[in-house]
Amino acid sequence: MEIYKNKLITLLVMVTTLSFSSISMAENYDLVIKNGRVIDPETGLDAKRWLGISAGKIAKISESSIKGKKIIDATGLVVSPGFIDLHAHGQLLPSARLQAFDGVTTALELEAGVLEVDKFYSNIAKEGRPINYGASANWSMARAMVLDGATFNGVPGEALGVFSLPNWSSKLTTKAQQDEIITIVEKAIDAGALGVGILSGYSPNSNRKEYYQLHKLAAKHNVSTFNHIRFASAEEPKSAFEAYQELISVAASTGAHAHISHLNSTSARDIEDVAELVLNAQKQGVNISVEAYPYSAASTAIGAQMFRGENWKERLGNASESDFSFNGQTLNAKTFKELQDKDPRSIIIFRYLDPEHSESDQHLYDISQLFPNGAVASDGMPLIDSKTRRMVTGDVWPLPESAKTHPRSAGTYSRFIREFVKESKKVSLSEAIRKMSLIPAQILEGSVAQMKFKGRIQEGADADIVIFNFAELTDRATFAQPILTSTGMKTVIVNGTPIIENGELIRTAMPGKAIRREVK
């Protein structure tokens with residue numbers, strides 16, 4: 001009997017020891033964020049909490065203290081999901097670091113996309129990224145392959161090369177050529193691309209049936225299309241309103257999810273009518289989503305079709321060459337034409353609205369920025385060295401002063417908070433965070449499983465987290481000094497690993513992961 005008694009005591013001790021050990025292990029997280037104002041835009045949480053992070057995930061949200069191997073004190077600071085950029089052309093290491101200071105933890109190239117998807121992902125994985133990355137399949141590059149005999153290598157930023165090619169942007173395709181283009185795009189989807197990037201605005205005379213077939217393809221594979229609409233004009237025919245009618249039509253008839261890239265710049269002075277059209281289509285059940293960036297100036301290659309042809313200035317709201325600048329210098333008729341003829345890939349800036357001096361322009365600007373359930377997305381451009389005219393690449397930090405870009409590449413998210421939360425108070429901080437994190441995740445999560453765990457501060461979610469001082473948070477990038485980092489972002493965490501601490505970049509931290517669909 002004594003033997004059994006001793007065995008029972010031993011068993012009870014073992015069970016008790018295991019229980020205390022489990023509790024101890026559960027509380028000893030890899031990283032703990034303490035006493036921050038935690039905002040989760042999905043559940044509505046906005047309160048002081050402690051977060052426990054382990055294995056790259058949020059493992060615990062607690063009202064009381066918890067233990068961790070490393071503690072970050074967020075007292076007096078906002079703790080929110082990292083911002084998700086659906087429209088980031090700067091898929092290079094220097095651009096990723098610049099965006100990290102703006103709170104971006106996931107930056108995706110969706111409006112344009114890439115080809116040679118396997119190479120794109122493997123190229124970035126070899127170099128490493130501080131933030132998460134991914135891309136759609138690029139329809140324009142597929143067109144260039146078929147109509148211009150172009151080849152691509154999955155190098156970030158190489159899509160700009162198509163602007164020096166003569167046929168893809170202006171030629172109609174035969175049925176056989178359309179089939180070939182669709183096959184190329186489908187191959188990219190099978191390789192894990194996040195959807196189909198459709199730059200119709202750069203090929204406005206391309207086939208309508210080709211556009212329809214792309215949406216049929218997207219619906220077949222349950223992926224989204226990311227659309228730069230066909231026309232950017234308030235004048236009819238070939239108006240932005242007409243282009244949005246086309247998008248709504250193909251989305252409704254195919255059942256595809258169609259995402260609208262930069263609602264602001266593609267509709268500009270037609271935004272009021274366009275916004276009503278899109279909103280009513282959504283109410284009728286058409287699967288459309290929307291994004292915009294908080295700037296009244298666009299940026300793209302000067303060789304784009306929208307800046308060519310008869311009456312192009314009138315179609316862009318009576319624009320003039322002086323509304324454009326290159327490397328900080330205002331263009332005139334002569335310099336505009338010289339640059340367009342000699343280097344059509346050159347990235348220029350075009351001011352299409354003037355909200356600072358016009359109440360009507362401010363009204364149009366607000367409609368695009370505050371579109372119900374619309375996402376904030378940067379349309380961030382690659383960094384270009386003004387001396388060499390080449391993209392800034394590699395392990396470069398700090399950035400060279402000669403690096404030029406649109407300031408949205410550096411300040412989109414802090415600017416939105418400054419303009420619409422702090423200054424005009426047109427949205428709450430929680431709603432701003434929802435537009436910058438949860439809504440982008442929800443736009444993608446129906447076809448990209450990884451996104452179900454992003455854009456949230458919840459147990460089980462990915463630990464992509466930003467910690468910022470609300471009073472100090474602001475953008476600094478300007479058109480004259482476009483690479484100035486945002487300030488007030490104290491800590492940025494990606495997949496559980498800090499990449500910025502105390503406002504300083506941890507240059508060796510490369511925890512960014514590929515956002516990619518299953519490869520077939």
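In the predicted model, helix H3 spans residues 117-127. Four of its residues, Val117, Phe120, Tyr121 and Ile124, are buried. Around the helix axis they cover an arc of only 90 degrees, which puts them on the same side of H3. The cover over these buried residues includes strand E7 (104-114), strand E8 (132-138) and helix H5 (175-190). Gly128 follows H3. Its phi is positive, near 90 degrees.

Strands E7 and E8 also belong to an open sheet of eight strands. The order is E6-E7-E8-E9-E10-E11-E12-E17, and the pairing is parallel. The edges are taken by strand E6 (83-85) and strand E17 (375-376). Each has a single partner strand, so one side of each is left without a neighbour in the sheet. E17 pairs with strand E12 (residues 288-292) in the parallel sense, over two bridges. Within this pair, Ala292 has Val376 of E17 as its bridge partner.

An antiparallel pairing joins strand E2 (residues 45-54) to strand E3 (residues 57-62) through five bridges. The two strands form a hairpin, with two residues between them. Ser54 has Lys57 in E3 as its bridge partner. In the turn, Ala55 has a positive phi of about 55 degrees.

Nonpolar packing was examined next. In soluble globular proteins, nonpolar side chains tend to be buried together. The largest nonpolar core here has 142 residues. Val185, Phe307, Ile417 and Phe468 have the most contacts inside this core. Helix H14 (residues 429-445) gives the most to the core, with eight residues. The surroundings of Ile417 illustrate the packing. Beyond residues up to four places away in sequence, Ile417 touches Phe83, Lys422, Leu429, Ala432, Met436, Phe468, Phe470 and Leu473. A second core of 17 residues is separate, and includes Ile53, Ile58, Ala74 and Ile467.

Charged pairs were then considered. Side chains of opposite charge can pair when their charged atoms come close. The model holds 32 salt bridges. One of them joins the side chains of Glu246 and Arg230, at 2.8 Å from N to O. Glu246 lies in helix H7 (residues 240-254), whereas Arg230 lies in the loop between strand E10 (224-228) and H7. The pair therefore ties together parts that are 16 residues apart in sequence. Both partners fall below the 20% limit for burial. Glu246 is buried, with a relative accessible area of 10%. Arg230 is buried as well, at 4%.

Another salt bridge links the side chains of Lys337 and Asp341, at 2.7 Å from N to O. Both residues lie in helix H11 (residues 333-342). They are four residues apart, about one turn of the helix. Asp341 is partly exposed, with a relative accessible area of 48%.

The side chains of Lys490 and Glu472 also meet in a salt bridge, at 2.9 Å from N to O. Lys490 lies in strand E21 (residues 489-494). Glu472 lies in the loop between strand E20 (465-468) and E21. This pair ties together parts that are 18 residues apart in sequence. Lys490 is partly exposed, at 27% relative accessibility. Glu472 is partly exposed too, with a relative accessible area of 39%. Elsewhere, salt bridges that share partners join Arg415, Arg418, Glu419, Glu423 and Asp475 into one network.

Ser265 is buried, with a relative accessible area of 17%. Leaving aside neighbours within four places in sequence, Ser265 is in contact with Tyr293, Ala298 and Tyr352. With Tyr293, the link is a polar contact between the two side chains, at 3.5 Å. Ser265 and Ser299 are 34 residues apart in sequence. In space, their C-alpha atoms are 9.5 Å apart.

Conventions: Residues numbered from 1 in each chain as written. Predicted model: local features only at pLDDT ≥ 70, side-chain atom pairs only at ≥ 80, totals over all residues. Heavy atoms only, no water. Buried < 20%, exposed > 50% of the residue type's maximum accessible area, 1.4 Å probe, protein only. Contact = heavy atoms within 4.5 Å. Polar contact = N/O pair within 3.5 Å; in protein donor to acceptor, adjacent residues only side chain to side chain. Arc of directions from axis to C-beta. Salt bridge = Lys/Arg side-chain N within 4 Å of Asp/Glu carboxyl O. Core = buried A, V, L, I, M, F, W, Y, C linked by side-chain atoms within 4.5 Å. Pairing = 2+ DSSP bridges.
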